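These are my notebook entries on a two-chain model. I record what I looked up and what I found.

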Amino acid sequence: MIINHPILGPRDFQEFTYLGDASLIDRPDWQADNAADQFHDYLYLRDNPAGEHRELWFHEQGDRSWLVVTRNTVTHEILNVELARDVARARGRSK
Amino acid sequence: MTDAVMNAGRVAFQADGSTGARKGVQVNRLDGGLIKGGKPLNFTFDGKRFKGFEGDTLASALLANGVRLMGRSFKYHRPRGVLTSGSEEPNALVELRSGGRQEPNTRATVAELYDGLEANSQNRWPSLQHDFMAINDRFSNFLTAGFYYKTFMWPAAFWEKLYEPIIRKAAGLGSISFEADPDAYDKGFLHCDLLVIGAGPTGLMAALTAGRAGAQVIIADEDFLLGGRLNAETFGIGDLTGAAWVEQAQAELASMPNVRVMPRTTIIGAFDHGIYGAVERVSDHVLAPEAGKPRQILWRIYSKRAMLAAGATERPIAFENNDRPGVMLAGAVRAYANRWAVTPDQTVAVFTNNDDGHRTAADLIAKGVKVTAVIDTRAAAPKVEGAELFAGAQVVDTKGRLGLEWARVRLASGTTRDVPCGALAVSGGWNPNVHLTCHQRGRPAWREDIAAFVPAGDLPQHMSVAGAANGDFSTAAALRAGAEGAVAALSELGIEAKISDLPEAEDAPINVTPFWYVKEGKGRAWLDQQNDVTVKDVKLAHQENFRSVEHLKRYTTLGMATDQGKTSNMGGLAIMAELAGKQIPEVGTTMFRPPYTPVSFGVMAGRSVGEDFRPTRKTPSHKWAEEQGAVFVEVGQWLRAQWFPRAGETHWRQSVDREVLQTRNSVGICDVTTLGKIDVQGKDAAEFLNKMYANAFAKLPVGKVRYGLMLREDGIAYDDGTAARFAEDHFVVTTTTANAVLVYRNMEFARQCLFPDMDVQLISTTEAWAQFAVAGPNARKLLQKVVDPEFDISNEAFPFMGCGEITVAGGCRARLFRISFSGELAYEIAVPTRYGDAMIRKLMEAGEEFGAVPYGTEALGVMRIEKGHAAGNELNGTTSALNLGMGGMVSKKKDCIGNTLSEREGMNREDALKLVGFKPVNAADPVQAGAHLMNASGEVSAATDQGYITSAAYSPVLGCSIGIGFLKRGDSRKGEVIRAVNPLEGREIQVEVVSAHFVDPEGERLRG
């Protein structure tokens, strides 16, 4: 597979380390009333779609960017690649 | 007609035909062909010496020398000859070369002849002509599909030890020498606009069209000669012969710097996003690789567009005894005659269901070979000049002990006729080579007019298919499709290509009437010759209710050999469809997977063999340690000194005990560079570490170090280390050796994905600093001799858990940490890696007056067990801070990775495992890591399990074996005597539960 890195351009996927569902960005608030339940869902419940999947890849053998890659898990077509930091900010994460 | 008469006739004809200057003893060599100037080459087969010519394959050279018998079959040890002239060959598998270069299961059809080639037949004993295991053939009625499953069911224990080894020995292929391969294999990467797979008329036309348009083109072909079937046929292109046109095309391609022509290169797989795997056989056609050249190269080709122009493979017709040496595919017989100037025999018959088979008869007749009959299954067969035609007839049986002598033909009239022939050229039609189109789950579609599967729409991304691979079998159609395909592919890339005038070429349809197998006869008709699967086996599978083609394949093993059923799958499918009363497309095909043809392990491994299997990381003191005669141990990729034996020490324990005692009594030095180091800088660095570690870091003063425990988000402890604060906005974090990469990855994840606005930057500095632990009562005295005098490292100025930037040896930049893993007064001192070697020498020199010793990982381990420090055995992926006795460290006042879920009820049980120490009641008993803990009395069972021992060592300080581990409610059970059991080895000892801190529990030494 080839991942089109937003900064570095097309790179072979072997330069990357795969983590999993991009929902791992949405780490719950530890002070919420049901924090334990939220963390349980965050950590253990994942969709496993046959189709489009947003997932986290780490450019470990490259510039160390975490990326959110939108990939079709059936065809391996890659539809979009974003810097995870941008995605995290867009989803309201800060400090 | 009797056998004797037949033989006499054949021999007589051979004598007639064996004239001509370059024949010599090559009784079946013809005139013409493409074997270039005819440079003679010597080779041996089963020790016998033969001659061939440059341009021959092993198969063509053997046939030229009158050798039809080339191997024994896999299961029945039937005599077998060559079936094909290409990579699809199922039968003619040989062992090539010898010693470290011995290569089993090599197809003689693709083994390019070179001077000195050495080949041996395989799967026979004692010889190819007299194979003892041929007895299997007598029992063939028993050895049908599923025989092993049904027969060797009982007793189950016999399978592994008795049945399987015997079966494997009897049924097999070639052998390996068990010597190391002396040759190099390389890997490489290529990029192109258009990859053309196959260099027949289609591929060459595509490459010419794309090359002329200026595109970056790679054209690859598995053959050593470009041209594909043009080399095997007599028809021309335009005014030129096929071969001449190929030469012209090749010359033009060679003149274009944007085109890379890769003969002897097989595209083995179509992978995601236009990436193709290719194996280039750089040196397989020579005795040994030239100096500096690899034997093979595994290429990864990144293509923007790819065109599959891989041609087609002829398929046989199954009939009784169709596996005798001499029964061959018609296209192969034609290829041997036209390209290699070889006929498999001087009398040949043809058996076909299509017009293409007739070409073989015509070409052989033109070369002066006697064609005894053309047997065509079609009643309306075209006329044949120069040979007898049996239209509407079938071959129903063959005879000949180690090679074909005659074929029995059932004529349309119903009578039989025995046709003398030393070779029978069989054509059942052609199958497009769709394999690569299926590597991304594509399924081919059935085309009725050619009675074959062709690629459907679901091709791998950016691949197109053209020519015979797409079912367009005529040369004219191939040229057109190649040119048009290249134009279409390039236009998608914005490159404009033009179709120049296409040359004239033959445009004949093949007119095939499907005919898969002859129904007459009770004997065996072979489908898959490599796995010895017959028509009968397919019928049996059907009878036993195997309905899916995938099940048929696995039950009968049809198509599961190294040829992936290139010549056999279609026949099996067709018979299965017929038995099930279905159409062939309803039955479908099995899945084709990479590699297209077998690939050697050597080229897959490339240079990653032996000590280069993976990178070796050496510590900065490695050279010095080698000089000391250190014994090394692999720790991940690192090589670390395990212990430093001294003269007179005969057992590792003597060295390790000495290193421990000398460190505890005076001073020891250990290279700890392998620990991960991460530089953390930024305004929010402290807050960031607060998130990373379970314990608090925000208030750590500058100049101080703190132990830190890292949790996974599920609350399990996964790493520990220290963080030293060198400035308000600058920390140096250490990790364990094993988790250096993981911790860094996780910290980057937190930084970018969880806290994207924190002002913090990370960089791994593991390789940038050489770090040494200096431990023992004389550690400070030693260091004072090395650290530059302006730095006060007295206990008052530089107390336990202090850190600072200093200089050593007269101005060399260094970092000093007062931390202790051994429990002694200890420091870790870091210098830039390039000074690491100088530093160890300096430290040892300064330590001489104290009798300083270097210590290795074993002594390090003993001392940390004596001190009760957790390491990898304790941070084993199941243990929490609570289990480790650090529950109180997990801050409840702040957010950190893992703290929320570490509060789960199940992880905070009242009877939770706690880290404690164990001493044997009988001091002579060894404590074993992995032993399970049981109460003093009662049953030994999983239900009564009280915990387990994680680390154990002989403590030279205590004079006995000790251990640490996890015990239910361990912290409240000190003094209790329990049992440590090892049911695997039948051991059980009594141990006393003690504090895990065996040495200096109060921690006075490290503060002194």
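**Entry 1. Two helix pairs of chain B**

Is the crossing of α6(B) and α7(B) left-handed or right-handed? I looked it up and found a left-handed crossing. I note at the outset that the model is a predicted one.

I then recorded the geometry of this pair. Helix α6 of chain B covers residues 201-212 and helix α7 of chain B covers residues 242-254; they pack at an angle of about 30°, and their axes are 10 Å apart. From α6(B), I listed Leu204(B), Ala207(B), Leu208(B) and Gly211(B) as the residues that make the contact, and from α7(B), Val246(B), Ala249(B), Glu252(B) and Leu253(B). By class, I have 6 nonpolar residues, 1 polar and 1 charged in this contact.

I took a second pair for reference. Helix α8 (residues 330-338) and helix α9 (residues 355-366), both of chain B, pack at an angle of about 30° with axes 8 Å apart. Angles under 35 degrees count as roughly parallel, and α8(B) and α9(B) are therefore roughly parallel to each other. I recorded a left-handed crossing where α8(B) passes α9(B).

On the α8(B) side, the contact is made by Ala330(B), Val333(B), Arg334(B), Ala337(B) and Asn338(B); on the α9(B) side, by Gly357(B), Arg359(B), Thr360(B), Asp363(B) and Leu364(B). I sorted the residues of this contact into 4 nonpolar, 3 polar and 3 charged.

**Entry 2. A hairpin and an open sheet**

I next examined strands β19 (residues 394-399) and β20 (residues 406-410) of chain B, which pair in the antiparallel sense over 5 bridges. Within this pairing, Arg408(B) of β20(B) is the residue opposite Asp397(B). The hairpin of β19(B) and β20(B) has 6 residues between the strands, and I noted that Gly400(B) takes a positive phi near 130° there.

Which order do the strands of the open sheet of 3 strands take? I read the order as β29-β31-β30 in chain B, with mixed pairing. The edge strands are β29 (617-618) and β30 (631-635) of chain B, and each of them pairs on one side only.

β30(B) pairs in the antiparallel sense with β31 (residues 638-643) of chain B, over 5 bridges. In β31(B), I found Arg640(B) as the bridge partner of Val633(B). Helix α22 (residues 857-867) of chain B packs on this sheet and touches β30 and β31 of chain B. I noted that the direction of α22(B) makes about 70° with that of β31(B).

**Entry 3. Domains of chain B**

I listed the domains of chain B as domain 1 (2-139), domain 2 (184-312 + 432-492), domain 3 (314-430 + 513-587), domain 4 (668-862) and domain 5 (871-1007).

How many residues of domain 1 of chain B are in contact with domain 3 of chain B? I found 40 residues of domain 1 in contact with 39 residues of domain 3. On the domain 1 side, α1 (3-17), α2 (58-64) and β4 (79-80) of chain B each supply at least two residues. α1(B) gives the most to that side, with 8 residues. By class, the side of domain 1 has 14 nonpolar, 15 polar and 11 charged residues.

**Entry 4. Chain A and its interface with chain B**

I counted 2 helices and 6 strands in chain A. Along the sequence, they follow the pattern β-β-β-α-β-β-β-α. The C-alpha atoms of chain A fill a box of roughly 45 × 30 × 20 Å along the principal axes.

At the interface, I found 20 residues of chain B in contact with 22 residues of chain A. On the chain B side, the elements that give two or more residues are α19 (740-754) and α23 (899-902) of chain B. α19(B) gives the most to that side, with 6 residues. I classed the residues of the chain B side as 7 nonpolar, 3 polar and 10 charged.

**Entry 5. Backbone details**

I noted a cis peptide bond joining Pro594(B) and Pro595(B), with omega about 0°. Pro595(B) lies in the loop between α14 (584-587) and α15 (601-605) of chain B.

His76(A) lies in the loop between β5 (66-72) and β6 (78-83) of chain A.

Conventions: Residues are numbered from 1 along each chain as its sequence is written. Chains are lettered from A and ligands numbered from 1 in the order in which they are written. This is a predicted model: local features need pLDDT of at least 70, side-chain atom pairs count only at pLDDT 80 or more; totals for chains, interfaces and linings use all residues. Two residues are in contact if their C-beta atoms, placed from the backbone, lie within 7 Å. Helices (H or I, at least four residues) and strands (E, at least two) are DSSP runs, numbered from the N terminus. Ala, Val, Leu, Ile, Met, Phe, Trp, Tyr, Cys and Pro count as nonpolar, Asp, Glu, Lys and Arg as charged, and the others, Gly among them, as polar. Two strands pair if DSSP finds at least two bridges between them. Axes are lines fitted to C-alpha atoms, for helices over the stretch in contact, and angles run from 0 to 180 degrees between N-to-C directions. Domain bounds come from an automatic or database domain assignment. Angles under 35 degrees count as roughly parallel, over 145 as roughly antiparallel, 65 to 115 as roughly perpendicular and the rest as oblique. A crossing is left-handed if the near helix is turned anticlockwise from the far one by less than a right angle, and right-handed if clockwise.
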